[in-house]
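Student: Can we go through the charged pairs in this one? I have the viewer open.

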Amino acid sequence: MLTANGAQAAVPADGAEGQTVWLRSSEPLHLELGADFTTSIAKQRSTVSLERLQVSNEPETPEPSSEANERRIARENGQTYLAGAGDASAANHVAAAQVGAKENCRLTAGAHDADGSVMRMSFCRWGYNTATKLDGRGKIEGLVTFRETEIGTGSHKIRDATIEVHIDQLSSQGVFNDSAQMSFQVAQAGSPSSASCAVADVSSNPYTTTVGDWRDSYIAYGLVSPKGTGTGQDDRAICVYDHRWKVTGGGRTTPWSDGPDNGVRFDSSTSTGSKYPQGAAFDRSTPQFSYDVNKANTASVAAHISDALYRPETTYPTKTGKVIPGDALHGLPPLHRNWAKYDAAAAETERKNLNARTAACRGLTRPDDSYQCDEFPFASTREGAGKGDGNFSVRYVPGAENEQAGRELGAFYGTDRILHGDAYMIYTHGVGG
């Protein structure tokens, strides 16, 4: 993880002949040939977030992950993003990831952190990498520094994520000059097996060229998961990947740097609809699906959800101390999708939700036949009325609005690849939101 501003980064002692250090920072480091490395770094601690990267003589494979571990990472890093019904199309999500991607990424708050900025269909991260060669007295005799920007794009059609790596603001000095060689390698680990994830669409891995050739350039690759290499009904697989760099110049070679990692989940789920039969998604964030109280064709449903989340004491059935999950604003537990066709337990959860909703609705007066009884949390969640804890709400709303809201929720499940068991939050905005 990046150290906080002002914290001391680990730095070497005076170092033996040829010692090299890899650093990653939020700003370009101001280092000069012949300067004392430790003193130079100390002067910048108060203004630059930096970390000393782990290194290895041979590029090591990352630790494989799992769905449970990816969910833990998403929960602990606290990343969320807003997924509104107006955005609920795969084309819009992918276009947002591609148009002006590297420029937008570099302007994204927090994208220089180790976790980057994560949405289901896109990922971005940037940081400055610096390789410094020291002499036997801790003085700088060579360095190369560059900004690395990573742009990831998921898919709704194939089990393939595309990663672009853009290099700019490159400078080189001393023995690590433009004629030195710099190598880039993608390291990845698949789960449930090594066959679950592979690097594709590259001429070589690692790829090596001169430092000068890397200036204002980019390299792209794919992360692919063959169908049938995952687990369960959805054929789910996890890929953890990171980037490694190495510089050779002045008769010395740095060890491989070990950059921050990221995760991709692949699936071939039929729960996302025929438009999105399989895909790849960046899974280390929790979506917030939004409803607008002022949007006419779903206004009544949005108002119901708003009351359920923010004023649960006003909802029916009554319950002292009612707390309804899914509130993105106040840190309440998320909702989890329940896909009835996943297995017998999921079908039973939906049956209980529907039966409990129907029973609760008998206590309300239906205005006329055009109204339907709406429930929150949704019947398609594990937290629905059938959970039996009384933390739910029912209300009659216009049937056309209820059906439209259901279609929008279903579209969200598809476009953001919300599979059985996936967590998400709800956010309502507008008057009363």
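**Charged pairs**

Tutor: Start with Arg-106, which counts as buried because its relative accessibility is 17% (buried means under 20% relative accessible area, exposed over 50%, partly exposed in between, with a 1.4 Å probe and protein chains only). This is a predicted model, where local features need pLDDT of at least 70, side-chain atom pairs count only at pLDDT 80 or more, and totals for chains, interfaces and linings use all residues. Residues are numbered from 1 along each chain as its sequence is written, and side-chain values use heavy atoms, with hydrogens and water left out.

Student: Which residue does Arg-106 form a salt bridge with?

Tutor: Asp-168, with the closest N and O atoms 3.4 Å apart. A salt bridge is a side-chain nitrogen of Lys or Arg within 4 Å of a carboxyl oxygen of Asp or Glu. The pair links distant parts of the chain, 62 residues apart: Arg-106 is in helix H4 and Asp-168 in strand S8. Helices (H or I, at least four residues) and strands (E, at least two) are DSSP runs, numbered from the N terminus.

Student: Why does Asp-168 count as buried?

Tutor: Because its relative accessibility is 11%.

Student: New topic. How many salt bridges are in the whole structure?

Tutor: A search finds 26. One of them joins the side chains of Asp-267 and Arg-417, at 2.8 Å from N to O. Asp-267 lies in strand S16, and Arg-417 in the loop between helix H7 and strand S22, 150 residues apart.

Student: Are those two buried or exposed?

Tutor: Asp-267 is buried, at 0% relative accessibility. Arg-417 is buried, with a relative accessible area of 0%.
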